[in-house]
Amino acid sequence: MASALKKLSPPLPSQEPDEFDTLYRDHVDLIYRYAHRLCGETESAKDLVQETFLNAYRGLKNFRGEARLSTWLYTIASRACLRMRRKRKGEPEYELSLDELVPTSEGEFRLQIPVDELTPEEALQNKELRQALDQAIDALPKKYRMVLVLRDMEGLQAKEVGTIMGLNERAVKSRLHRARLFVRRELSARGIIDENDHKSGGLRS
Amino acid sequence: MTKKKSATTKKKQANPSSRHRPGQIHCLKLLRQLSAYIDGELPSDICQEIRSHLGDCPNCEVFILSLQQTVILCRHRPVPPLKSADRVALRRAILKKAIAK
Ligand SMILES: [Zn+2]
């Protein structure tokens, strides 16, 4: 089996294929997860993984180990993601202003789908909530989404996020706050339930 | 999902104007710092100020809860794993491209 696979593999160039394979094996799941969280769907995530490891392959010989490998890969992936065109039209990159993210009326303060008595896993069983969350994250301008994903989903420290994105910690925290406020607003004010299908808004499923 | 039931005794404020008396942190100023507060990055005197404001201002209390819930939902947002077939196919595609150039 091993030799059969070998025959199928393309001939490798002189530069340390083992090193690449180790890098790939150890980090592909991490980068795929990151890519999927950024892109929100499988095909783009796979494209991003491919682009990331292709760039990593080319840059591996110059990697000096000043950063952790994972930080380095996150950086490559983030840059590649910023270069990637959105397939959907539109999506200008805009800044989020704090003033727009602060609620103005009673109803906007709380989340539309009550999650109070639930564990997060239980809450996310609710398809509408999960969809709303996905849409909210997808609607974020990329550079905000990236900070939110790295910090709140990948669980990195603000300093490491700064290294990856070329920002100081202050800027990271400011973007993170805006990104969170944006998602919060999307889960509250916009209303998760389509106005056409009135389920009376309560839904305790 | 309730992070911590605020132990602060909720005095239902009859007089809303008393919320913003001088020396007390203003709602908007508080909202700007909420992520830092949630992430435990603020000095204790500011935290104290914020806690006492929250006890006093139902809107901010509800707001911070909704923000905390948002962060928790983000942290738990499910993500599908990479399929083994895709892992193999991707590796192959990457190496093929790497060698082609
Ligand atoms: Zn307030």
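Author: Buried area is the accessible area that two parts lose on being put together, summed over both. This is a predicted model.

Reader: OK. What's the area buried between chain A and chain B?

Author: About 4700 Å². Carbon and sulfur atoms give 65% of that area.

Reader: How many residues of each chain are in contact?

Author: On chain A, 57 residues. They are in contact with 43 residues of chain B.

Reader: Now charges. How many salt bridges between chain A and chain B?

Author: The count is 9. In one salt bridge, the side chain of R32(B) meets that of D99(A), at 3.7 Å from N to O.

Reader: And how many residue pairs in polar contact across the interface?

Author: The rule finds 15 across the interface of chain A and chain B, with both residues at pLDDT 80 or more.

Reader: Which helix of chain A gives the most to the side that touches chain B?

Author: α2(A), with 9 residues. Helices that each supply at least two residues include α3 (42–59), α7 (127–139) and α10 (169–188) of chain A.

Reader: What's that side like by class?

Author: It has 33 nonpolar, 5 polar and 19 charged residues.

Reader: Switching to the fold. How many helices and strands in chain A?

Author: Chain A has 10 helices and 0 strands.

Reader: What share of chain A is buried?

Author: Of its 205 residues, 48% are buried. The accessible surface of chain A is about 11300 Å², and 48% of that surface belongs to carbon and sulfur atoms.

Reader: What about contacts between residues 24 or more positions apart?

Author: In chain A, they account for 71% of the contacts with a separation of 6 or more.

Definitions and conventions. Residues numbered from 1 in each chain as written. Chains lettered and ligands numbered in written order. Predicted model: local features only at pLDDT ≥ 70, side-chain atom pairs only at ≥ 80, totals over all residues. Heavy atoms only, no water. Contact = heavy atoms within 4.5 Å. Buried area = accessible area lost by both parts, 1.4 Å probe. Salt bridge = Lys/Arg side-chain N within 4 Å of Asp/Glu carboxyl O. Polar contact = N/O pair within 3.5 Å; in protein donor to acceptor, adjacent residues only side chain to side chain. Helix = DSSP H or I, 4+ residues; strand = E, 2+ residues; numbered from the N terminus. Nonpolar A, V, L, I, M, F, W, Y, C, P; charged D, E, K, R; others polar. Buried < 20%, exposed > 50% of the residue type's maximum accessible area, 1.4 Å probe, protein only. Areas by Shrake-Rupley, 256 points an atom, 1.4 Å probe, with all protein chains shown as cover.
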